[in-house]
Amino acid sequence: MAAQPGDFPGLRAWAGPVMPACTMHRANALAPVAAESYERFTGVPSVLILASVRCGAETEARMLGIRATRRAPIRLSAGVITLGVLVATTTAATTATTATATTATSATATSATATSATAAPVTPAAAGSVGKGPVVATADGAVGGKTTSGTDEFLGIPYAAPPVGPLRWRPPQPPARWAGVRDATQFAPHCPQPPSPFGVASTSEDCLYLNVFTPAGSRADARHLPVMVWIHGGSLLVGESDDYDPAALVRHGVIVVTINYRLGALGFLAHPALAGRPGGASGNYGLMDQQAALRWVQRNIGQFGGNPRNVTIFGESAGGLSTLAQLVSKGALGLFSQAIVESGSYDLTQAPLATAEAAGEAFATKVGCASQTAACLRSLPVSTIVDNEDFSGYEPDIDGTVLTQSIGTALASGQFNRVPVIDGTNHDEWRLFVALSQLPPEDGPPVTAANYQAMIAATLGVPAAAAAVIAAQYPLSDYSSPSVALGAVGTDAIFACPALTADQSLSKYVPTYAYEFNDENAPEVSLPPLGFPYGAAHASEIQYLFSLSNVAYPSVLSPTQQQLAASMKQYWTSFAGQGFPSSATGPRWPEFNGTSQQMLSLIPPQPQLESDFAAEHHCAFWALAG
């Protein structure tokens with residue numbers, strides 16, 4: 001029987017207007033109007049969004065805690081904890097000093113000395129100087145890669161001009177062409193960000209590069225292989241393409257492209273002065289970069305042996321959110337044929353442009369641009385921007401160009417790029433964030449029976465009475481520890497049930513395949529052991545698809561976990577190849593529908609079907625809070 005309001009006494013006392021919408025003071029001012037003018041979607045119907053969905057992108061960013069560690073140890077913003085555990089204990093000046101030696105753009109002012117749009121981003125190697133590695137001719141010039149263990153790698157290829165000086169906070173522009181063969185055997189700089197376990201510090205604005213991984217010799221064979229474009233996560237604040245080695249996916253006969261895109265304030269700041277015209281759009285530059293990379297793929301991937309008509313975009317966390325954003329963006333129409341969303345449904349409601357621009361004006365004042373001019377903002381040192389970012393998080397906004405409506409609204413109404421979709425979450429997403437709150441430098445208190453309700457209130461931004469209702473729904477007696485109980489609350493409210501909402505919307509219009517990653521013994525590679533199990537925590541599934549670098553606690557999958565990883569790679573790559581997932585060793589993956597709600601449980605050694613996801617994650621309870 002469907003749950004009724006009376007099933008949860010006291011729930012209506014805090015539902016609706018009483019429950020905060022997790023609206024927060026953001027510094028993510030969005031940038032100038034895109035060069036292209038995208039056709040607007042029309043006919044937007046009203047849609048009921050879960051209260052948990054309304055928490056928005058700040059959920060991931062706050063809980064990942066990307067922020068300067070010398071600020072207040074724990075901050076509550078709209079009742080949601082902002083954790084500062086990812087950033088190393090360094091000042092912005094130290095960050096600039098320790099940034100990668102390949103940084104190409106100075107952390108000082110970029111106005112007078114910045115590289116122009118027509119300057120070559122990197123001096124290419126002379127023809128023939130890259131040795132005997134594979135060479136491919138792109139529309140901008142030839143690139144010389146290397147062959148490693150049966151994979152041809154072409155690294156650090158520019159897909160757009162360096163967004164520096166007058167190009168800062170503007171839509172990406174074409175890269176300069178080059179003569180000869182460009183050395184593509186090393187990764188290029190990645191986009192500015194603070195140091196963290198989820199990304200290497202950088203102050204290089206010259207960062208719009210991608211990497212292409214192909215089966216050795218595929219370009220010569222002209223096999224027109226399926227293409228998978230990976231969008232990394234990291235709260236739209238940190239992360240880089242070179243952390244993910246896709247060789248194991250490539251061995252399944254696909255080409256994988258990994259990309260950098262602008263992050264933080266440089267990628268998502270909105271400000272009226274940055275608009276291309278008075279009252280025009282600003283912001284969403286990181287999403288524009290992703291679209292520019294996809295256009296590069298359309299123009300060039302055929303030269304590498306790929307099929308531009310069969311491109312799958314996929315990403316995790318903020319990369320999954322980006323994938324959803326591209327699904328609903330008119331500017332991405334025709335640039336991909338399938339989409340895979342991993343833990344990306346945590347932010348289905350975006351802020352309006354006016355809200356984002358107000359935050360952008362506050363940011364301008366904070367960094368010394370009280371004049372509120374584009375010239376002042378574009379002359380700021382990179383270090384000043386990174387050090388003063390809103391570390392509680394960035395998200396796309398409804399700028400009227402890249403996004404014309406919220407993601408959830410577009411999915412519910414069918415106003416999106418209709419391609420097959422895989423969408424899923426991890427069973428214990430929030431345990432990662434519970435752990436982050438207890439680790440240095442925050443050193444927050446552990447979750448106990450005494451503070452359990454207070455921690456619920458802080459996590460979800462609800463009053464004490466609401467927290468009591470939630471605690472009754474998630475009694476401590478049902479869990480091995482208070483930390484695990486709080487992890488279940490956060491998982492269900494912020495990730496699982498919003499993902500179910502997305503599945504229900506998507507499945508009305510396109511083939512949709514839902515999953516839950518359920519390996520309770522998945523290695524935690526980013527954080528140290530604590531007093532409770534991580535379970536199938538946020539981001540723990542990535543290691544089953546990629547070999548990961550830049551992890552603090554490397555681990556080797558067990559034999560049964562390797563079996564699961566093999567099945568997952570088969571499902572992901574077959575989906576890229578044929579538009580539906582299949583595996584020689586796993587069960588048939590049925591399409592999701594709102595009635596049976598069948599999905600695939602990714603559990604070792606082999607996946608199984610499950611149909612009790614909504615009950616397991618208390619989604620009827622959270623729906624009543626909408």
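**Reading a predicted model by its cut-offs**

Q: Why is helix H12 (residues 431-438) called largely enclosed by the rest of the structure?
A: In this predicted model, 8 of the 8 residues of H12 are buried, so the helix is largely enclosed by the rest of the structure. The buried residues are Arg431, Leu432, Phe433, Val434, Ala435, Leu436, Ser437 and Gln438. Buried means under 20% relative accessible area.

Q: How many of the residues in the protein chain are buried, as a percentage?
A: Buried residues make up 63% of the 626 residues. The chain holds 18 helices and 20 strands.

Q: What share of the contacts with a separation of 6 or more joins residues 24 or more positions apart?
A: Such residues account for 79% of those contacts in the protein chain.

Q: Why are H13 and H15 called roughly parallel?
A: Helix H13 (residues 452-460) packs against helix H15 (residues 482-506) at an angle of about 25°. Angles under 35 degrees count as roughly parallel. The angle falls under that cut-off, so H13 is roughly parallel to H15. Their axes are 11 Å apart, and the crossing is right-handed.

Q: Which residues make the contact between H13 and H15, and how do they divide by class?
A: H13 brings Tyr452, Met455, Ile456, Thr459 and Leu460. H15 brings Pro482, Ala485, Leu486, Val489, Ala493 and Ile494. By class, there are 10 nonpolar residues, 1 polar and no charged.

Q: What makes H6 roughly perpendicular to H7?
A: Helix H6 (residues 285-300) and helix H7 (residues 318-328) pack at about 75°, with axes 11 Å apart. The range for roughly perpendicular is 65 to 115 degrees. The angle lies in that range, so the pair counts as roughly perpendicular. Leu287, Gln290 and Gln291 of H6 meet Ser322, Ala325 and Gln326 of H7. This contact has 2 nonpolar, 4 polar and no charged residues.

Q: Is tryptophan 169 buried or exposed, and how do you know?
A: Its relative accessibility is 0%. The cut-off for buried is under 20%, so tryptophan 169 counts as buried.

Q: Why is asparagine 550 called partly exposed?
A: Its relative accessible area is 31%. Partly exposed is the class between buried, under 20%, and exposed, over 50%. The value falls in between, so asparagine 550 is partly exposed. Asparagine 550 also has a positive phi, near 55°, in a residue other than glycine. Its place is in the loop between strand E18 (547-548) and helix H16 (559-578).

Q: How do you know that glutamine 193 is buried?
A: Its relative accessible area is 0%. That is under the 20% cut-off, so glutamine 193 is buried. Glutamine 193 lies in the loop between E7 and strand E8 (209-215).

Q: Which backbone atoms lie at 3.1 Å and 2.8 Å from the side chain of glutamine 193, and why do they count as polar contacts?
A: The backbone oxygen of cysteine 191 lies 3.1 Å from a polar atom of this side chain. The side chain also reaches the backbone nitrogen of glycine 239 at 2.8 Å. Both distances are within 3.5 Å, so they meet the distance cut-off for a polar contact.

Q: Why does leucine 557 count as buried with a value of 14%?
A: The limit is under 20%, so leucine 557 is buried at 14%. Leucine 557 lies in the loop between E18 and H16. Leaving aside neighbours within four places in sequence, its contacts are Pro523, Gln543, Tyr544, Gln562 and Ala565.

Q: What makes leucine 564 buried, and which residues does it contact?
A: Leucine 564, in helix H16, has a relative accessible area of 0%. That is under 20%, so leucine 564 is buried. Beyond neighbours within four places in sequence, its contacts include Phe517, Tyr544, Pro604 and Pro605. Its C-alpha atom is 6.7 Å from that of isoleucine 603, 39 residues apart along the chain.

Q: What kind of peptide bond joins proline 604 and proline 605?
A: The bond is cis, with omega about 0°. Most peptide bonds are trans. Proline 605 is found in the loop between strand E19 (599-602) and strand E20 (608-610).

Definitions and conventions
Residues numbered from 1 in each chain as written. Predicted model: local features only at pLDDT ≥ 70, side-chain atom pairs only at ≥ 80, totals over all residues. Heavy atoms only, no water. Axes fitted to C-alpha atoms, helices over the stretch in contact; angles between N-to-C directions. Helix = DSSP H or I, 4+ residues; strand = E, 2+ residues; numbered from the N terminus. Parallel < 35°, antiparallel > 145°, perpendicular 65-115°, else oblique. Left-handed = near helix turned anticlockwise from the far one by under 90°. Contact = heavy atoms within 4.5 Å. Nonpolar A, V, L, I, M, F, W, Y, C, P; charged D, E, K, R; others polar. Buried < 20%, exposed > 50% of the residue type's maximum accessible area, 1.4 Å probe, protein only. Polar contact = N/O pair within 3.5 Å; in protein donor to acceptor, adjacent residues only side chain to side chain.
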